[in-house]
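Hello,

Here is the structure I promised to pass on. My notes on it follow below.

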Amino acid sequence: MAAVSRRGFVRSAAAAAAAPFILPAAARGANERVGVGLLGSGGQGTGVMRGFLGQQGVQVVAVCDVQEGRRNAARTLVNNHYGSRAEKDYKGCEAYNDFREVLARDDVDAVIIAPQDHWHAIMCIRAAEAGKDMYCEKPLGVSVRECQAIRDAIRGYGRVFQTGTQQRSDRRFRQACELARNGYLGKLRTVKVGAPGPSYQPSYRGPIAPEPVPKGFDYEMFVGPAPMKPWHRARLDWPGWYLIWDYCVGFICNWGVHHLDIAHWGCPALAAAPFELACTADYRNLGLTDNVNGWSAEFAYPSGLRMLFSDNGHPCAQGCRFEGDEGWVHVDRGSIAADPPSLLQTAFQPGDLRLQHSDHHQADFVEAVRKRSDPVSPVEAGHLASYYGMLADIAARVRRRLRWDPIAERFESDPEATRLLSRPMRAPWTL
Amino acid sequence: MVSPAPVFSPEGACYISPGQRPGNRRPTQPVALKGRNIILALLAAAAFGATMEPKQAFEQLRSYDYGQDISPLVAIEALVDQSSNAAAQRKELTAQLVAILQEPKTPIAAKQFICRMLERIGTDEHVPLLATLLAEPQIADDARRALEQIPGDAASAALRDALAKAQGDFRTGVINSIGERRDRKAVEPLAKLIGTPDAKAAIRALGKIGTAEAAAALTRGRDASPTELAEALCHAQLRCADALAAAGDAKAADAIYLDALGQKEHVLFRIAALAGLVKTRREKAAPMAIEALTDPNPQLRGAARALARQFAGKEFAASLLSLLKKADAQAQVAIIETLAERRDAAALEPVTKLTESLDDPVRLAAIRALGQLGNRTTLDLLARLAAEGTGAAQQTAKEAIATLRERSTSPEMVVALAGAVNKGETALAVELIDSLAARRFRDAVPMLNSFASRQGGEVRLACLKALGALAEPNHFPFLIDHILTAKDEAEAKAAEDAATKLASRITRRTDRVGPLMEAMKGADAGKVPALLRLLGRDSGPDILAVMRKWAGGTHEAARDAAVRALADWPSDEAADDLLKLAKEAKEPTHRAIALRGYLRLAGTAKRLEQAAPLIKAREDKLAFLAALAEAREPAALAIATRYLSDDQVRAEAILACLKLADALVGTDKEAVKAAMQKVLDTRPEKALADRAQALSEGRRTIVPLFDGKTLSGWASNGIGKWSVEGAAIVGNGTHKPGYGILFSEKQYKDFTLRFKYKVLAGNAGFYIRAEKLPTSEGVRGLQVEIDPEKDNAGLFEVGGRAWVAKPDGKLPKDHFKPRDWNDVEVVAQGRHLTVTMNGHKTVDLPNDPGRTEGFFALGMHGGGVHVMFKDIEVLAAP
C-alpha cells in the first residue's frame, strides 16, 4: 500500500476555556493613553518593547541608548510600527542618549529599564522620583543595597513596577506554584533551583588591549557608576558584559533570578524566617570576564526546609523543583513534570489560593498601570529573587556559612559579608 | 596538603568534590587555617586551584596594566576569598597589596584593582594612605570608594576633610559617599552646601543621613532656596521621614509626612506622604486613606486603594460602610470597589441594596462587587439581573456570575444545576453546564448524560456539548445513542459533534469502531450518515466494506457521506472503489470528488492512466497534472506531455513536465530528452526554455536544498529547536536570548530560490546572502519577512538597515495565506532582488547595496515561534 499523507484525527480543542477572568475593579482610565519610553535599546530592551507595541492605548514615544546605531534602529522600528496606524497627535518616536531627558518628558508615563545591570538602580530610583511607572529588567541591580533602595522607592512613591521575570506570565510556572502553595505536594521539604552559568562563555577570544571608543558611542555614559576602564569591544559583544563583575554580579544572580523567583512564588517560607547559607563557586578568568562561573549553594531553615541552588546539573537540573512529602513538581520553560503525574490534572478548589493570572507580561503591566494595582511580578518579588542570588555569591566569596534574616534584611554579625552588600558608585553617580 | 574542612550540612551529599567539575572550573574550597604557616597556606591555596602561584601573582600585579591577562587579579581575589577565615593570612595579604599601592611605578590599573580590594578588606589602618590618595586625580575616586566601605569614624573624618579641597565630579563623589555612610557629623557642613552648586548632591546626602538634624537642615533649606531645588528638598525630606519612622521617631516623621500630604500640586509627594502615614499611624490613618480614595487624582486614588488593603480590621470596614451612606456617587463607587477587594463580609447587605441605586455607575459597581462578595443566594439575584436586565447591567451581572461561580465548588454547581433544571431555569442551567465543562468536572458526566436524554432544547444541547468535552472512552456508546435518539437537526448535530470530539480522545481502534459498527446494525437510515462520518475517521477493510455498501445504496444522504468518506481515504485500498465511483456514480458531484480522491491516492502512472478518460474539466486537468508530477516515472512524464498541446493547461503541463524531468534526468535520460524536445516545441518563455534545454542535455535544473527527511545541509546556531515533521522543517522557538538560526552549509551568490512556509506563531524569516556573527542575533543580512499577521514577503535587514522593502499596501489581501502554506520565490541576480509570494510580486529592488553572496538561513526571532518550511530548492546555475 502506498503511503499517502495521512488524514489525521482532528484534535478537538477541548472546551477548556480558562475560567472567566475576574473583572478589574477600576475600569476607569481604561482608555487613557500610556506613553512609554525605552531606556536601553539593546536586544532585550527592544524585544520587551515589541511586546508593548501591540498593546491597546500604549504609545512608545521615546527610546534611549548610549549607542547611536541602536537607538536609531529602535526609533525606526517604532516609527515603522506606528507608521500609518498612528493617531493624529502622535509626533513620532524620539531617540536620546541621556535617560534623564526621557524621564523629564511629561508624556512618558512608564519606562522600560533595560540597560546593563549596573545601571538598573539609578534609573529605577530617578524614574520613581519623576513619578514614572516602570517595567524593569531583572535582576534589580548589582548589590543587595541597590535592590532595597529600588524596593523602598517604588513603595514609597506608589509606583507600579513590573520585574522582567516573565516566567510568572507562563501558566506552567503558575500551576507548579499553586500546587506547592496549596499543599498538593504535602509539606514542602526541599526546593531545588538550577540555572545556566558555565554554558555562557565569551564569544570574543582575542587580545584585550584597549581600543578607541567607536563613533556614536557614549562610553562615559555606558560606564556610569561602574569603575572606569579603557574600552574594548569584549565589554559589550554578547554575552560579554554579563560575565564581567563591573556590570553584572553573574549568572548566579542574572539567570538564577528567574527560577529563584519561582521558588519564592511557590514557597514563601523561603523569605519568612532567618536561614543559614553556604555556597561554593568558581570564578571566570577569560579575557575580561571575571564573575562567577559555576556555583552550588544551600539555604537551610530552622524548620528543616532547604533550598538547593546551583548551576545546571551541579546538582540541580535547570528549573525549579518543589519536593514535598506527598510528591514533587519540576517546572522549566516549556516543560512541567510531577510525581505522581496525576498532580498535573489537579482541579483547584474554591478554598485554594490562586495566584495572579497573567498571560502576557507587558499587557499585565499595562493593566496594572491603569488600575494602579500590583502586576504579577511586583517589586518585592523582584527584590527577593535578585538578592538571594547575590547572597549566594557573597557566601561563596567569604567561604563560610552565613546567617541572614530576611525580615530585618541583615547578616547576623558578619562585618565582612555586610560590606559586600553594597557597591560604591563612581562619581558623580549615586542612589 | 591541607584537606578542606567541611562547611556544609552534615550529609554534604549534594556537593561534587573539587576534582569532578568539567571545563575551566577550578572550585575553591574554604580552608580552615588555625595558626598555620603562611607559606604553607599559600601553597595550599595553589593546590586548590588558584590560577597561579601567589608569588607570581603579586609580581605580575606590580606591573599590571589594562589589556594584559587578568589572571593575577583573579588569583589575588581568590586569595582574598581564601583568607576570609584566616586573620593572619588576611593581614599579610593586605600588607602586600598596600605596599604595591604605595609604589610610584605601579600602573593605575593595578592601583585601581587594589583599591577595589580595599573596599572589602581595608581597615582604619589604611585610612591615612587612602586619604592621601584622594589628592591624586588619577586614583582619587577609586580611593574614595575604598573609604566609603571602611566603617568607623576615621574614614568618615577623612571624607569630611576631603570636602575642603575636592573639586568637580570627584567632589560630588565625596558628598555621595558621606551620604551613603549616613555620617551624622556631616550634617552641618552639608547644610552649608545647600546654597552652592553642590546643593543637589548635598540635599540627596542629607536625605540618606535621615536624622532629625538632617531633616531640620532640609526644612531651613526649603525656606531659603530657589524653586528649582524645592522638589529635591522634598524628596530628601521624605527620605528622612522614612528613616526617622524606621528608627522609632514617629512624631518627627509624622510632621514631615503631613506637610508633604498638603502639597496639592505634587501628587507624587502626597502619595509618598500617605504611604508614610499609614506606616506610622496605622489604623489611625484610615480617615486619610478614605479621603484619598475619593480624591480627583486617579494616581492618589489608586495608591489609597492599595494602602487600604493593609487595613485588615473590621473597624476600617465599618468606617467605610458608614461613609457609604453619606457619600456622593463617585465616592460610593470607590468605596464599593475597596470593600469588594477586601471581601468584607459585612459589606454584602449594603452593597446588595445598592444594586438598585438610581445612579448607574453605583449600580454597576455594586453588581460587579457582588461577584466578589456574594454567596450562593446572591446567585439568584444575579441570575435574575442577567436574564431580565439590559445593556451594561446585564453584561455586568453575567460577569459577576462568572466571578462568583469561580468561587463555588463544582459539587455545589451540580446541586445548583439540578435545581435549575427542576425549576425550568434554562439560562442558568446552561451557564452551569458550560462552567462544569470548563472546569473538567468529570463527576458530572452521569447527570449530564441523563439530562441529555430526558431534557430537551437548550439544556440538551448544552449537555451534549459538555459531554463532548468531558466524556471518557467508555461513554462512547452513550453518545452514539444520543445521535440515534436525536429529535431534530440541531440535536443530531450536537450529538455528532460531541461524539466526534470524544472519538479523537479514544486511543484504541476497537473502542472507536466497535460501538459504531454495532450501532450500524439496524440503524435508521436517517441516522446512518452521521455514523458513516464517524466511521470515516478510521480506515481498514471492514469499514471500507461498509462504505462500499452505502456508496452504492439508495439512501441519498448516506450515499453522500460514504462517497465523501471514501474520497478522503488515507490509503490506496480505496482506489478501486473511487475509480468505479468516478465513472459510475449518479451525482456529478460524487463523480468529481471521487475522481479527485482517486487522483490523490493513485500514486503510479499506470493507475493515473486509468483515470485519463475521465479528465475533462480544466480543474480536473490541473489536479491530474499535479498528481502526475508526483509520480516519478517515465510513464508519468509521457502522459504529461500529452497536455502540452492543450491550450487550457499548457503552462501547467510545461511545469509538470519540467518537475518530472528534474526528478528523472538522472535515471531516464532518453525519456527526459524526448519529453523536453516536446516542451521546447511549444516555444515556452526563455527561463523555461533554458531549463528544458538543460534537462534535455542531461543536467538538473532544480537543486533541492532540503531532502524532505533530514536536516542534512543545514546547521543550527544552537538556539531553538529544529526538526523534520511531515516532509517539512519545523522550527520551535525558545526563550533563550538571541535568534534561532539554521544556516545552509553552502553560500550562494546569484540564484532563483523557491520555498514554501507556514507560520503559526511568532516572527521568523528566510535569510538570503547572510553572514554569521557572534552577536546575540547570530546573523546579519536580508531576510524575507515571515509573520502571522503582517508584512510578509517584505525584505528586512537584520543587524543592518532594518526595513529595506516593506510590502506594498496595494497588494491584494490574498497575497498572504495565514496559517497556511505560502509559496515564495526570490530571484537574486547581482544587485537586482525580487520577491514573489503566491504569484504576487512583493519586492523589486534594482540596485541593492547589500551583500552579493552569503548563506541561506531559516530564522526564528525570539521565543514562542512555530514555523514550517518545505520544498526549499534553487534553480541550478545554467
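In chain B of this predicted model, helix α3 (residues 71-82) packs against helix α4 (residues 87-102) at an angle of about 150°, with their axes 9 Å apart. That makes α3(B) roughly antiparallel to α4(B) (angles over 145 degrees count as such; axes are lines fitted to C-alpha atoms over the stretch in contact, and angles run from 0 to 180 degrees between N-to-C directions). Contact here means heavy atoms within 4.5 Å. From α3(B) it is made by B:Ile76, B:Leu79, B:Val80 and B:Gln82, and from α4(B) by B:Gln89, B:Arg90, B:Leu93 and B:Leu97.

Helices (H or I, at least four residues) and strands (E, at least two) are DSSP runs, numbered from the N terminus.

Strand β10 (residues 822-829) of chain B runs antiparallel to β11(B), joined by 6 bridges; strands pair if DSSP finds at least two bridges between them. B:Val835 in β11(B) has B:Val826 opposite, and B:Val835 also stands opposite B:Val843 in β12(B). In the hairpin of β10(B) and β11(B), B:Gly830 takes a positive phi near 60°.

On conventions: residues are numbered from 1 along each chain as its sequence is written, and chains are lettered from A and ligands numbered from 1 in the order in which they are written. Local features need pLDDT of at least 70, side-chain atom pairs count only at pLDDT 80 or more, and totals for chains, interfaces and linings use all residues, while side-chain values use heavy atoms, leaving out hydrogens and water.

Best wishes

Note on methods:
Parallel < 35°, antiparallel > 145°, perpendicular 65-115°, else oblique.
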